Amino acid sequence: MRHRAPITRGDLNAYLDDELSPERRAEVAHYLATHPEAEAELAEYRRVDRALHQLFDPVLAEPIPPQLRPSRRSPWRAAAAAAGWLLLGGSLGWGLHPTARAPLLAEQPLSEQLVQPAAFAHTVYTTDPRHPVEVSAADEHHLVSWLSLRLHADLRAPDLTTLGYHLVGGRLLPATDRMAAQFMYERADATRITLYLRRGPWQEATTLFHFEHSQGLGVFYWVEGGLGYAVTGPLAQGDLLALAEAVFQQLRGEPAAAAALPVGSH
Amino acid sequence: MELPDRVVEQIPRLRRYARALLRGNTPAADDLVQDCLERALGRLHFWRSGSDLRAWLFTIMHNLYVNQLRRNHSGPQFVELLEEESTVAAPGGAESATTLRELQRALDGLPAEQREVLLLVALEGLRYQEAATILGIPVGTVMSRLARARQQLRQQLAQERDGPLRRVK
C-alpha cells in the first residue's frame, strides 16, 4: 500500500467541502471513524457552516430593494439592448428558458437518471408507515441546511400549502455516485407527493418540463442549474403540473449554489 | 432568458454575500451590490458568453470591495446584525440568537481575506477553484485561509457553548 499522508485540518475542511479525491476521501473517512476528536471537530465545522446560513440566508428571502431592480425604463435595459442581449429573449410557457447556450439533453438518460430513481424513492418511502422521512418538517431548517450541504446546493423546501400539501420532511439519498434529496408532502386525505432533487452528469444544462409515467406514478421533471428535479405523485397530469409549476417558480429565484461549477470533477 | 434577467436572478445571492462581507450593514451592502450591478451592466460585452455569470459578478464585487477597503482604512463600522425580533423561535437544530451574535462577532474579527474565502465556500457553496479564480489567489491559499477561518469560528462557537475553550487537537 502506498504511503498515506497524515490527515490535516485542511483535509477535514476539504472533506466537508467534498473537494477530496475518492482515495483521500476514504482515508479521511477511515481516520474519522477511528478518531472521535477529529469527528467532533468536523461536526463543529458543520455547525459553523449551518450557523452562517442561519445568519445570512434570511437575506435571500428579502424583497429586492427597488434601486437594485431594473425597470423597463431603466438604463439597464438600454445597456442590455445595446449589448445585443435582448435578442436572446423570448418568453416561453411557464417562464422556462432554455438559452442559446444550454444544451438540451436527450430524454433517455434523464429517464434513467432522474425519473426512475425518483419514482422508486417515492414508492419506497411514501408507503413506509414508520419512517417515511429521515428528518421531519418540525426540523425543516436543519433538514434544508443539511441537504444543502450534502448536495452542494442552496436548497429550499417549497411551500405547497396553497395547493393543499404540507411538508412531511425529507431525506438524503445516494444517486449512483452522487447525492440526491427527497422532500415529501402530504395532503389532508393522506395523498403523498415527493420532490426529488439530484446532482447528475448534466452540468449546466437546462431542459424544459417533461412528463412521464413511471411505476404507476406521474413524474414531472426538468434540469436546471446543475440539479435535476422530479415531482412525483399518484395524480392526474394536470394536478401534478400545478405542483411542479409551484415548485419550479419557488426554486427558480434561487439557482443551485454550485450551479455552474463542474459536477464531475471529484 | 435575456441577460439582465439572469443578472437579476443573482441579486439575492449578491446581497447575501455583501451583507455577510460588510458585517451586516445593510445600506452599505446594498450600495456595494448596486455598484457591482452597474459595473457589470456597463461591461456586459466583456462577459464571455458561456462562462459562469455568477462567478463573474462575484469577481466584480470582490474587486469593488477590495478597492473600498483600500480607500477606507478604518474599515466599515460595526453594525449589529440581528434585530431583536429576529432573535426568537429558533427552529430545531438551529443556533440561539446569542450564539449567532457570537458567530457574527467572530466573523467580523476575521481578517477580510479570510472572511471572503470562508463566505464564498461555506455560505455561497463555491468550489475551491472557483473561489480562487474570483479572489485571484492560488487554491492552496484558499484552503489555508479557509481552514484558519473555520477554526477561528469553531472555537468561538465552542466557547460560547461550553464556557472555557476546549482543547481539540
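These are my notebook entries on a predicted model, taken one spot at a time.

**Strand 7, chain A**

I began with strand 7 of chain A, residues 227–233. Seven of its seven residues are buried, so I read the strand as largely enclosed by the rest of the structure. I then checked which way the residues point. A:Leu227, A:Tyr229, A:Val231 and A:Gly233 go one way, while A:Gly228, A:Ala230 and A:Thr232 go the other, and all are buried.

Next I looked up the neighbours. Strand 4 (residues 192–199) of chain A runs antiparallel to strand 7, with six bridges joining them. I noted one pairing there: A:Thr194 has A:Thr232 as its bridge partner. Strand 6 (residues 217–224) of chain A is also antiparallel to strand 7, this time with seven bridges. On that side, A:Glu224 stands opposite A:Leu227. The hairpin of strands 6 and 7 has two residues between the strands, and A:Gly225 takes a positive phi near 60° in it.

**Positive phi in chain A loops**

A:Ala190 has phi near 75°, and I found it in the loop between strand 3 (178–187) and strand 4 of chain A. Its relative accessible area is 47%, so I logged A:Ala190 as partly exposed.

A:Gln215 has phi near 50°, again positive in a residue other than glycine. That one lies in the loop between strand 5 (210–214) and strand 6 of chain A. Buried or exposed, or in between, at 45% relative accessibility? A:Gln215 counts as partly exposed.

**Helix 1, chain A**

Helix 1 of chain A covers residues 9–16. I have it down as mostly covered, with six of its eight residues buried. Those are A:Asp11, A:Leu12, A:Asn13, A:Ala14, A:Tyr15 and A:Leu16.

I checked both ends. At the start, a side-chain oxygen of A:Thr8 comes within 3.2 Å of the backbone nitrogen of A:Gly10. After the helix comes A:Asp18, with a positive phi near 60°.

**B:Leu146**

What does B:Leu146 touch, leaving out residues up to four places away in sequence? My list has A:Asn13 and A:Asp17 from chain A, plus B:Val117, B:Leu118, B:Val121 and B:Tyr128 from chain B. A:Asn13 was already in my notes as one of the buried residues of helix 1 of chain A. I also looked up a distance: B:Leu146 and B:Val121 are 25 residues apart in sequence, and their C-alpha atoms are 8.1 Å apart.

**Nonpolar cores**

Last, the cores. The largest nonpolar core has 66 residues, and the members touching the most others are A:Leu52, B:Met61, B:Leu107, B:Leu118, B:Leu119, B:Leu120 and B:Leu153. Helix 3 (residues 53–71) of chain B gives the most to this core, with nine residues.

I followed up on B:Leu120. Leaving out residues up to four places away in sequence, B:Leu120 touches B:Tyr17, B:Phe58, B:Gly125, B:Leu126, B:Ala131, B:Ile134 and B:Leu135. There is also a second, separate core of 33 residues, and A:Leu143, A:Leu151, A:Ala153 and A:Leu241 are among its members. For background, I jotted down that nonpolar side chains tend to be buried together in soluble globular proteins.

Terms used
Residues are numbered from 1 along each chain as its sequence is written. Chains are lettered from A and ligands numbered from 1 in the order in which they are written. This is a predicted model: local features need pLDDT of at least 70, side-chain atom pairs count only at pLDDT 80 or more; totals for chains, interfaces and linings use all residues. Side-chain values use heavy atoms; hydrogens and water are left out. Buried means under 20% relative accessible area, exposed over 50%, partly exposed in between (1.4 Å probe, protein chains only). Helices (H or I, at least four residues) and strands (E, at least two) are DSSP runs, numbered from the N terminus. Two strands pair if DSSP finds at least two bridges between them. Contact means heavy atoms within 4.5 Å. A polar contact is a pair of N or O atoms within 3.5 Å; within protein, one must be able to donate a hydrogen and the other to accept it, and residues adjacent in sequence count only if both atoms are side-chain atoms. A nonpolar core is a set of buried Ala, Val, Leu, Ile, Met, Phe, Trp, Tyr and Cys residues joined through side-chain atoms within 4.5 Å.
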